[in-house]
Amino acid sequence: MTPTGKSGHDFDPSDVLRKPLVAHLATVAGDGAPRHSPVWFLWEDGEIWLIGTTTDSFPRRLRADPRCAIGVVDFDLRDGTLRHVGLRGVAEIVPLDPGRLYRLLSRYLGPDAERWDAEFRADVIDHLDLMIRFVPQTVVARDQSIFGRPEPAPERVHEEGAASERVST
């Protein structure tokens, strides 16, 4: 399912999913307890792609139960932006695709792989050996921004005898 253009959204979810934000992956552990993992992601062709290693815990949880949820928040205090995209669906562990890996990493690290931090490359990137393909089944896109909302009406004081109360106009 591609959420773009679906009615009922406050905005096109792709507007947020195209940004290099941190996603939050929610999975369920074997004992039924919820688990949460902040992850980098790539939004491509109506699917979300994540990266990991065979030693990471979230791919193991997804192999056991592929149902999961992903949340992405676009927040900017300076202009009052607060947009949330919530997706529910199923994930599949797939082999690492070098081209897709580069597209994902370049969103966060820049397009010139030669400039990526050597220590980060050695400690993290060189150990990546799988990808997670997430196919959304439901998508929610909510705009809870405060920017552009009308100013609240000024308060006036209404006095009756010695008592006073604040009344909005």
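Is glycine 86 buried or exposed? With a relative accessibility of 15%, glycine 86 counts as buried, where buried means under 20% relative accessible area, exposed over 50% and partly exposed in between, computed with a 1.4 Å probe on protein chains only.

## Basis of the model

This is a predicted model, in which local features need pLDDT of at least 70 and side-chain atom pairs count only at pLDDT 80 or more, while totals for chains, interfaces and linings use all residues. Residues are numbered from 1 along each chain as its sequence is written, and side-chain values use heavy atoms, with hydrogens and water left out.

## Overall architecture

The protein has four helices and nine strands, and from the N terminus on its elements follow the order α-β-β-β-β-α-β-β-α-α-β-β-β. Helices (H or I, at least four residues) and strands (E, at least two) are DSSP runs, numbered from the N terminus.

Of the 169 residues in the protein, 37% are buried. The accessible surface comes to about 10300 Å², and carbon and sulfur atoms hold 52% of that surface; such areas come from the Shrake-Rupley method with a 1.4 Å probe, and for residues only the protein chains shown count as cover. Among the contacts with a separation of 6 or more, 67% are between residues 24 or more positions apart, a contact being heavy atoms within 4.5 Å.

In soluble globular proteins, nonpolar side chains tend to be buried together. Here the largest nonpolar core has 36 residues, and Phe41, Ile48 and Ile70 are those with the most contacts inside it. Strand E7 (residues 130-143) gives the largest share of this core, six residues. A nonpolar core is a set of buried Ala, Val, Leu, Ile, Met, Phe, Trp, Tyr and Cys residues joined through side-chain atoms within 4.5 Å.

When neighbours within four places in sequence are left aside, isoleucine 70 is in contact with Ala23, His24, Leu25, Ile48, Leu50, Val85, Gly86, Leu87 and Phe134. Valine 39, placed in strand E2, is buried with a relative accessible area of 8%. Its C-alpha atom is 9.6 Å from that of isoleucine 70, 31 residues away in sequence, and, with the neighbours within four places again left aside, valine 39 is in contact with Val22, Ala23, Leu25, Leu50 and Phe58.

## Residues along strand E6

Glycine 86 lies in strand E6 (residues 81-95).

Leaving aside neighbours within four places in sequence, threonine 81 is in contact with Asp74, Phe75, Asp76 and Ser145, and the C-alpha atoms of threonine 81 and serine 145, 64 residues apart in sequence, are 4.5 Å apart in space. Glutamate 92, in strand E6 as well, is partly exposed, with a relative accessible area of 38%. Beyond the residues up to four places away in sequence, glutamate 92 touches Met131, Ile132 and Arg133, and glutamate 92 and valine 135, 43 residues apart in sequence, are 8.4 Å apart from C-alpha to C-alpha.

## A positive phi in a loop

Most residues other than glycine have a negative phi, and most peptide bonds are trans. Aspartate 45 has a phi near 55°, a positive value in a residue other than glycine. Aspartate 45 is placed in the loop between strand E3 (42-44) and E4, and at 71% relative accessibility aspartate 45 counts as exposed.

## The largest pocket

About 200 Å³ of space lies in the largest pocket. On a 1 Å grid over the protein atoms alone, a pocket is an open set of points where a 1.4 Å probe fits, with protein on both sides within 12 Å along at least five of seven lines, and lining residues have an atom within 4 Å of a point. Grid points are joined across faces, edges and corners, and a volume is the space filled by probe spheres set on the points.

The lining has 13 residues, of which Ile51, Gly52, Asp56, Val124 and Leu128 lie nearest the centre of the pocket. Strand E2 (34-39) and strand E4 (47-52) each supply at least two lining residues, and the largest share, three residues, comes from E4. By class, the lining has ten nonpolar, two polar and one charged residues; Ala, Val, Leu, Ile, Met, Phe, Trp, Tyr, Cys and Pro count as nonpolar, Asp, Glu, Lys and Arg as charged, and the others, Gly among them, as polar.
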